[in-house]
Amino acid sequence: MRVALRSSATSRSRKITRIPPLSLKKAPSGIAGLDELTSGGLPRGRTTLVCGSAGCGKTLFATEFLVRGAVEHGEPGVFMSFEETEEELAANVVSLGFDLRQMVERKQLAIDHVRVERNEIEETGAFDLEGLFVRLRLAIDSVGAKRVALDTIESLFSSLPNPAILRSELRRLFRWLKEQGMTTVITGEQGAGTFTRQGLEEYISDCVIFLDHRVNDQISTRRLRVVKYRGTTHGSNEYPFLIDETGISVLPITSLRLDREASSERVSTGIERLDEMLGGGYFKGTTILCSGSAGTGKTSIAAHLARATCAKGKRCLYFAFEESAAQLLRNMGSIGIDLGRYTANGSLDLVASRPYVQGLEMHLLSIHKAVNQREPALVVIDPISNLVGAGSQLGSNSMLTRLLDFLKTRGITTLFTSLTEGGAGTEQTAVGISSLIDTWLMLDVVRGGGERNRTLDIIKSRGMAHSNQTTEYKISDQGVLLLDTYLGPSGVLTGSARLAREAADQAQVALQEEEIARRQALRGIRRNAFDGRLATLQGEFSVEDAELERDIQERIRQRDGAPAARDAMARSRHAFARAPDAGNGKHNGKHKEKGHRT
Amino acid sequence: MIGPAMARRKKARATKVGPVPNPMWELRLYIAGRTAKAMAALSNLQRICDERLAGKYRIEVIDLLRNPALGRGDQILAIPTLVRKLPSPMKKIIGDLSNAQRVLVGLDLKEL
């Protein structure tokens, strides 16, 4: 084993000379979110120090590491506890759904409670900790362990004399654990100015994780920091973590890179005219901000989107930080948005809580967890401005960025509402996240003529053609209705001014119609007059025409009658009468025949 | 320093009643392999017992390398550890027992 260690040490130094590095093997930590943070987990076969003040979650960390390692990753573990008994440990993780006793029976876990009372012990000369080694070895062999947790080994210092010997023995212990290839978690109490009281961090060179439990403005926040992790890249920031009924979860930062895919699929806003203004709706997986002062209808617009999403059979997760679920359902029902049926069929989850119950980080973490559990298509946070009030301004931006990135990576459409303070610039948000927003609807109130009227602007909408029209809307019993736009001399007309304009327009239209009707009547009269005259003329013409026809016929008869008479006269006189056009015998013959017959 | 002080207090209480009534001493020495420390501890122990407890004691040597499971019962961490099983209360003395004075204090044998 020693030879192997040395070779890995030399390969580490070779890294500097650009020879491909030996990749560090990782063991999944079993802590939700930590593996993303450390790109894979804790260093396999090495020792990790988890340190922090009392009550920061060290023991839970160690327990989850072992329990989840055994159950989920098939790596049996040894828990050597210097503080809590087997019973206490078992009770601690019952709520996580793990039965330690059963695990011990199944040889997934060995628990050894080491109890040393200081006042029972007299030191009389040189000693070592071989007894501890023997016990650890026994426990490891009994289950074929791959993981070891020592919680809290530092308590040895208070129960055994001679710190110098303890130090060298602990150093030997850590080395030995490494040689055995055990992935080890050692917990240590935070000391003044050091990570641990006894400076254990000096001996553990592979990975040190610091847990912090801080109270700011009466709101407590737990934070985790990877202080060092040799041979791997890791986030060096502080990350908030949550301890709840499912154990520890760290808010991971899976997507601080901007390499997510962009969908061109549209999501209906639930308001027909708003869809038109956006050219078809929001993009799927984008972030929508709906900002406005009090009573502008932010929640209503959010509810429209929620209903439209649920109506398509998709899931929606709605976080309400102002109203209780029942109140929200009632209020939205009163404007014709029935969300109750979607909460009933499970497609809509309403999560209502007060922002000040916990810090911002914790809220975001719970959002994170809920999203992981429910896998919704839409997340509504109503309003985000209240949440920010629950955290420090400094931290909230980065926290929100992380949340937004997380939601975007999952392709989840997100709608935030944000309350803007009266008097402040309406195009500012208290949150300062506007640059992260893809589509920003600003709701405003126009005051004048003794009334307040609501208007909607699309401040921006990335990647789509969108209307630049300020549009008035009203909240009716059919929900949000976008109204026709009337432009007056000083901008868009709203409220009564719009109504007056509408009335004027209607009067104008009526007038126009009257005029048209009048002109059409006149045209009829003209046409009738013309037709009359035309009939007279036609009558006169037909009379004349008939007369002329008669005349023509008379004349033709007369012309044709003359030669026949002459022939008859000639016959009676027996004289030879020659027709005036004698060349035409046929003609003559015809007339002759005719003449004979008559 | 608390340990010896408390031991002295207990001792003072015991001597007021009279000499230790139980003549039988049961001592258990935990070792892990026949190391130099273990051998030193054993010979030191034998010498002290012969001097102070001649004929009244029994020493049991437990080698944890042979019987690793036995270490748990008496919560053994340090090696060598001497456990006074009888007379009660149980006492633990760690180290190679080279400091005879401290061994006597630890075993409640030291006269004040």
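# Questions on a predicted two-chain model

Reader: Which residues touch the most other members of the largest nonpolar core?
Author: This is a predicted model, in which local features need pLDDT of at least 70, side-chain atom pairs count only at pLDDT 80 or more, and totals for chains, interfaces and linings use all residues. Residues are numbered from 1 along each chain as its sequence is written, with chains lettered from A and ligands numbered from 1 in the order in which they are written. A nonpolar core is a set of buried Ala, Val, Leu, Ile, Met, Phe, Trp, Tyr and Cys residues joined through C-beta atoms within 7 Å. Among its 149 residues, those touching the most other members are Val78(A), Ala149(A), Val250(A), Ala306(A), Cys316(A), Tyr318(A) and Val380(A).

Reader: Which helix gives the largest share of this core?
Author: Helices (H or I, at least four residues) and strands (E, at least two) are DSSP runs, numbered from the N terminus. The largest share is seven residues, and it comes from chain A's helix H10 (residues 298-311).

Reader: Where does this core lie relative to domain 1 and domain 2 of chain A?
Author: Domain bounds come from an automatic or database domain assignment. Domain 1 (25-250) and domain 2 (266-483) of chain A both give residues to the core, so it lies between them.

Reader: How do H3(A) and H4(A) lie, roughly parallel or roughly perpendicular?
Author: The axes (lines fitted to C-alpha atoms, for helices over the stretch in contact, with angles from 0 to 180 degrees between N-to-C directions) of H3 (residues 58-73) and H4 (residues 86-94) of chain A come within 11 Å and cross at roughly 80°. Angles under 35 degrees count as roughly parallel, over 145 as roughly antiparallel, 65 to 115 as roughly perpendicular and the rest as oblique. That makes H3(A) and H4(A) roughly perpendicular.

Reader: How many residues of chain B are in contact with chain A?
Author: Two residues are in contact if their C-beta atoms, placed from the backbone, lie within 7 Å. Chain A contributes 24 residues, and chain B contributes 32.

Reader: Is Gly448(A) buried or partly exposed?
Author: Gly448(A) sits in strand S20 (residues 439-448) of chain A. A residue is buried with 20 or more other C-beta atoms within 10 Å of its own, exposed with 12 or fewer, and partly exposed in between; C-beta atoms are placed from the backbone. Gly448(A) has 13 within 10 Å, so it is partly exposed.
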